[in-house]
Amino acid sequence: MKKILLFFAISLSYTNSVSGQEPFDKKLVLKEMILANDYFMQKWPETGKTIITNKERPSNIWTRGVYYEGLMALHEIFPKEAYYNYAFAWSEFHKWGFNGGNTTRNADNYCAAQTYIDLYNLEPDAKKLKNTKANINMLLSTPQVDDWSWIDAIQMGMPVFAKLGVLEKDNRYFEKMYQMYMYSRNKHGDHGLFNPKDGLWWRDADFDPPYKEPNGEDCYWSRGNGWVIAALAKVLTIIPENAPHKSQYVKDLKAMAAALVPIQRADGFWNVSLHDPTNYGEKETSGTALFVYGIAYGINSGILKKETYLPVIQKAWNAIIKESLHTNGFLGYLQSTGKEPKDGQPLSYDKIPDFEDYGLGCFLLAGSEIYKMK
């Protein structure tokens with residue numbers, strides 16, 4: 001009897017210790033984020049240096065803008081001066097402006113404004129937002145709402161409107177953001193780019209039905225859907241509790257999260273093609289990281305049930321660390337730029353994508369949200 005009671009006491013003690021554990025080792029998560037970021041900063045010491053792949057591009061294009069989103073997220077949880085200085089030097093080099101100037105309607109171009117606004121909020125100076133306000137106010141003052149014709153643009157553009165709405169205390173930014181988002185959701189293509197039946201998004205009008213994957217399923221690109229759930233999470237982080245249309249964004253984030261759970265790979269990643277594992281079915285880091293970010297935010301905010309979704313992101317994050325993150329900070333299994341599963345293939349642990357920056361940005365966003373978990 002004593003042995004039985006002793007066994008029960010040990011079992012109970014073990015159960016309590018496990019249930020009381022943090023869902024992630026935060027020191028280790030931060031260490032992994034710093035490792036990956038240090039690799040990139042050391043590789044790119046000159047923030048204004050042009051990016052040369054198949055052609056030469058300025059360093060304020062969307063790929064680098066997404067990296068700086070991630071860097072500012074890292075700076076929020078670990079405010080190292082070198083991170084601020086790196087982002088500030090980049091912004092200064094580009095005179096706080098955009099590829100395409102202040103009349104661009106392309107969200108890829110004004111993605112950089114997310115970082116400009118973050119830096120302004122840390123240390124206000126009117127010059128930091130001169131171009132941002134000129135560009136976004138142009139969008140605000142013109143009637144078009146169909147600019148975001150590809151779903152990546154939702155992540156590049158929506159948070160800029162959200163941040164300005166908060167900064168200016170002006171609901172017009174929230175309303176315009178909503179109109180543009182809903183046009184992408186319900187009007188672009190034949191019936192909108194969101195499929196409520198599957199809870200996922202077609203990348204653009206080229207991929208909605210009758211387009212099909214080789215196995216006959218609809219084409220849902222991993223990273224494209226990652227951009228959307230990340231945008232929803234970020235906007236919900238930014239806007240006030242009583243902001244108009246918040247319930248729409250919550251509803252869509254929940255629908256996407258529910259759709260992602262049953263299609264997660266056994267190893268923790270998500271496939272490049274979400275509904276067709278036979279079409280470039282390799283693991284992919286950027287989409288997986290964005291899903292981790294969006295779902296982790298959902299848990300942290302109480303939108304998603306922790307008991308359902310925590311195991312999903314634990315499995316995904318651990319997979320990225322084990323299978324993607326190198327000892328020097330390089331991230332493998334990153335799909336190059338493109339718009340569909342076949343682009344930048346094949347993937348591998350050692351393959352260097354055409355741009356390393358945005359994949360790192362996705363990784364840092366995911367890690368920063370994981371770090372905030374209680």
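Predicted model: local features only at pLDDT ≥ 70, side-chain atom pairs only at ≥ 80, totals over all residues.
Biologist: Why is Tyr-68 called buried?
Modeller: Buried means under 20% relative accessible area, exposed over 50%, partly exposed in between (1.4 Å probe, protein chains only). Tyr-68 has 0%, so Tyr-68 is buried. Tyr-67 also counts as buried, at 0%.

Biologist: What makes Tyr-67 and Tyr-68 an aromatic pair?
Modeller: Rings of Phe, Tyr and Trp (its six-membered ring) pair if their centres lie within 6.5 Å; planes under 30 degrees apart are stacked, over 60 edge-to-face, the rest tilted. The centres of Tyr-67 and Tyr-68 are 4.9 Å apart, with 65° between the planes. That pair is edge-to-face. The whole structure holds 24 aromatic pairs.

Biologist: Why is the pair of Tyr-68 and Trp-90 called stacked?
Modeller: The planes stand at 15° and the centres are 4.0 Å apart, so the pair is stacked. Tyr-68 is in helix α3 (residues 62–77) and Trp-90 in helix α4 (residues 81–93), so the pair ties together parts 22 residues apart in sequence. Helices are DSSP runs (H or I, at least four residues), numbered from the N terminus. Trp-90 is buried too, at 0%.

Biologist: Which aromatic cluster holds Trp-44 and Trp-90?
Modeller: One cluster that also includes Phe-40, Tyr-67, Tyr-68 and Tyr-116.

Biologist: How do you know that Arg-64 lies over the face of Trp-44?
Modeller: The test wants NZ of Lys or CZ of Arg within 6 Å of the ring centre and within 35 degrees of the ring normal. Arg-64 is 4.4 Å from the ring centre of Trp-44 and lies over its face. Lys-26 lies over the face of Tyr-371, at 5.9 Å.

Biologist: What makes helix α6 mostly covered?
Modeller: In α6 (residues 113–122), 7 of 10 residues are buried. Among them are Tyr-116, Ile-117 and Tyr-120. The cover includes α3, α4 and α10.

Biologist: Which residues have the most contacts inside the largest nonpolar core?
Modeller: Tyr-110, Trp-148, Tyr-249, Ile-295 and Phe-363, in a core of 122 residues. Helix α10 (residues 222–238) gives the most, with 10 residues. Such a core is a set of buried Ala, Val, Leu, Ile, Met, Phe, Trp, Tyr and Cys residues joined through side-chain atoms within 4.5 Å.

How values were computed:
Residues numbered from 1 in each chain as written. Heavy atoms only, no water. Helix = DSSP H or I, 4+ residues; strand = E, 2+ residues; numbered from the N terminus. Contact = heavy atoms within 4.5 Å.
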